[in-house]
Amino acid sequence: MSVELAKIDSKQIAVNNAAVRCQKLTKEFRAGETIVRALRGVDVEIAYGEMTLLVGPSGCGKTTLISIIAGLLDPTDGEVEVLGENRRELTGTRLVKFRQKNIGFVFQQYNLLPALDVVENVSIPLIIGGVSQSDAKMRAAEVLKKVSLEDKINARVSQLSGGQQQRVAIARALVHDPRLMVCDEPTAALDAASGHNIMELLREVSIDQDRVVIVVTHDNRVFDFGDRVIEMADGVVENVTTNQRSRNNGGSNTKVKQT
Amino acid sequence: MRWLAWRMLTGDRTKYLGIVFGVAFGSLLIAQQASIFVGLMRRTSHIILDVTEPDIWVLDKYGQNVDEIQPMSENRLYQVRGVAGVDWAVKMYKGLVRVKQRDGDFRQAILIGIDDSTMIGAPQKMIQGSISDLSRPDAIIIDLAGYSLMYPGEEIQLGRTMEINDRRAVIVGICEVSAPFQTFPVAFTKYSHATQYAPRERNVMSFVLVKAEAGINQQELCEKIEEQTGLQAIRSDDFFWFNINYYIENTGIPVNFGITVMLGFIVGAAIAGQTFYLFTIENLKQFGTLKAMGVTNIRLLRMILLQALIVGTIGYSIGIAMACAFFEITGASGQADLRGMYVPWQVMLITAGAVGLIVLVASLLSIHKVLVLEPAVVFK
């Protein structure tokens, strides 16, 4: 697989079909008398059908940014539009329902429920959405097949390897067919081979033209998988890099350099 | 989501059993100690529980309780009988006597003298012999537990003789009665015999037992008796509480048991509450994940309350079952100290309320943590 990168000297890149649009986004946290500015005017656009990587050193604000995008945190200032919805207008139950319907989460530590078996874990988002338990399990089994875990359906999560657990987490994030997938350090707890497989899987998922996948990562081994790499430093977007890839063969092979 | 709440609760068997047994132990402590207290209090009124025929008990106006009474002249019986609305009235003796066995060993016993002709006040349940045997010379009927105290490990043998205040007495029957407050044998005899056995006094009649005529208001009849005789007349149900109240107000028993029950509650609350609280806190990350995935606070609240309900119900049931089993086993083993004690339904209700309160407070404390939990915690 050849990978060619195009560096663009811009802190913002405009896209035609933006799934996420942030303008002058700021977020402050109060710790007693101290105010910590986690985001200091972020302008960023993320397109549908792409996998976007948010990268940067610890404390640069990337987790805060995806938390705001995913509706887990409210911004202090600035505008955020996610999947056509203004974040400021999404509050209370409407925000919870928005998350439930539109967002899939993948966490660094997988956050699977150890009390449940694999298929039960995957079926949770559907059950939250009101699907019956039996239907949810059936759909979950289908998605587990897609992540090659059909033979682990009834296994306890504690019986799985780290890579397998992360695949279960991805299946859980996908099962309700969300338009936005938010992944926090999905490869951080995995070895190189497992991390590679997980990123391949996420890239396949992102091919859907009606979906956007955002991955927060430190792991420079996986930077090549992103269609767009947003580098953050000290609460601002420092650089945006695009990797162009051909979509006509499944989006997993050819990459074209763009400047 | 009920399914999820159940699976989260029972997923870790060790933790789940720990919480359930924490609640069960708390329930056991509360139910057992409260039942012993109630049982002891009931014992203070043992005679009233056993003598069910009269509606009203008449005693000297200064009588404090069923054991602390001023003997009355037998003329008082006729005064009571003369009150309009009294269907019948009979006399009764109750007092402590010294019983000397043939081998010279002696012990205190409760002697009850029942009306010679009507036998009102006689034990309701005979094990051996019959009430009519009391008509034989020097006849007494003794309770089974008392017999075991006097003749430990020996077979029941009617016809055994003993001395009550230096007068001969013959055991003609064995009965079963409610356990008295003091674990003394209870001996029944005819009133005329009882006056012979009782220590010499000018007056010996302890109570007048009264039956009200049909349709007569018992409370009004009590007031009439008091007005016309100057004695104290108390309805049976009230007399039961009259005794209990005396012990509650004048002895250290309620304070001591109150402390024990309170300790049971605190220990139970500490074990059950803390275990359940920690269970929820340990699952905060999981609740955070569910919250991030779109579970509303109200659904999380319901899940935790359902978990509390499950844990409370199962733990309470086990605790109550253990408390009941404790009294059954000690009762079956012939343990005199706890004879006749059981877990009354009122104690079951109180324990249910206490356990409910414990798990509710524990769940509310932990729910607060879940409700204020930022879903963004899942990224930390």
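A crossing of two helices is right-handed if the near helix is turned clockwise from the far one by less than a right angle. In this predicted model, the crossing of H9(B) and H12(B) is right-handed. Helix H9 of chain B spans residues 253-282, and its axis lies 9 Å from that of H12(B). The packing angle is about 30°. Angles under 35 degrees count as roughly parallel, and H9(B) is therefore roughly parallel to H12(B).

H9(B) contributes B:Phe265, B:Gly268, B:Ala269, B:Ala272, B:Gly273, B:Phe276, B:Tyr277, B:Thr280 and B:Ile281 to this contact. Residues on the H12(B) side include B:Ala354, B:Ile358, B:Val361, B:Ala362, B:Leu365 and B:Lys369. By class, the contact of H9(B) with H12(B) has 13 nonpolar, 5 polar and 1 charged residues.

H12(B) also packs against H11(B). Helix H11 of chain B covers residues 297-332, and helix H12 of chain B covers residues 345-371. Their axes come within 9 Å and cross at roughly 150°. Angles over 145 degrees count as roughly antiparallel, so H11(B) and H12(B) are roughly antiparallel to each other. The crossing of H11(B) and H12(B) is right-handed. Among the contributors from H11(B) are B:Leu300, B:Leu301, B:Ile304, B:Ala308, B:Gly312, B:Gly315 and B:Ile320. H12(B) supplies residues including B:Met348, B:Ala352, B:Val355, B:Gly356, B:Val359 and B:Ser363. The contact of H11(B) with H12(B) comprises 16 nonpolar and 7 polar residues, with no charged residues.

The loop between H11 and H12 of chain B holds B:Val343. B:Val343 has 23 other C-beta atoms within 10 Å and is therefore buried. Beyond its neighbours within four places in sequence, B:Val343 is in contact with B:Ile320, B:Ala323, B:Cys324, B:Phe327 and B:Met348, among others. Its contacts also include B:Ala31 and B:Ser35. B:Val343 and B:Gln33 are 310 residues apart in sequence, yet their C-alpha atoms are 9.7 Å apart in space.

Helix H10 of chain B, residues 284-292, is largely enclosed by the rest of the structure, because 7 of its 9 residues are buried. These are B:Gln286, B:Phe287, B:Gly288, B:Thr289, B:Leu290, B:Lys291 and B:Ala292. Within chain B, the buried residues of H10(B) pack against helix H1 (2-10), H11 and H12. They also pack against H2 and strand S7 (103-106) of chain A. Just after H10(B), B:Gly294 takes a positive phi of about 110°.

The contact between the chains takes 22 residues from chain A and 19 residues from chain B. On the side of chain A, helix H1 (62-69), helix H2 (92-102) and helix H3 (118-128) each supply at least two residues. H2(A) gives the most, with 5 residues. By class, the side of chain A that touches chain B has 13 nonpolar, 6 polar and 3 charged residues.

The mean pLDDT of chain A is 83. Of its residues, 88% reach 70 or more. Over residues 1-12 of chain A, pLDDT stays under 50. The model has 30 contacts beyond four places in sequence for residues 1-12 of chain A. In residues 246-259 of chain A, pLDDT also stays under 50, and the model has 26 contacts beyond four places in sequence for that stretch.

Technical notes: Residues numbered from 1 in each chain as written. Chains lettered and ligands numbered in written order. Predicted model: local features only at pLDDT ≥ 70, side-chain atom pairs only at ≥ 80, totals over all residues. pLDDT = per-residue confidence, 0-100. Contact = placed C-beta atoms within 7 Å. Axes fitted to C-alpha atoms, helices over the stretch in contact; angles between N-to-C directions. Helix = DSSP H or I, 4+ residues; strand = E, 2+ residues; numbered from the N terminus. Parallel < 35°, antiparallel > 145°, perpendicular 65-115°, else oblique. Nonpolar A, V, L, I, M, F, W, Y, C, P; charged D, E, K, R; others polar. Buried ≥ 20, exposed ≤ 12 C-beta atoms within 10 Å, placed from the backbone.
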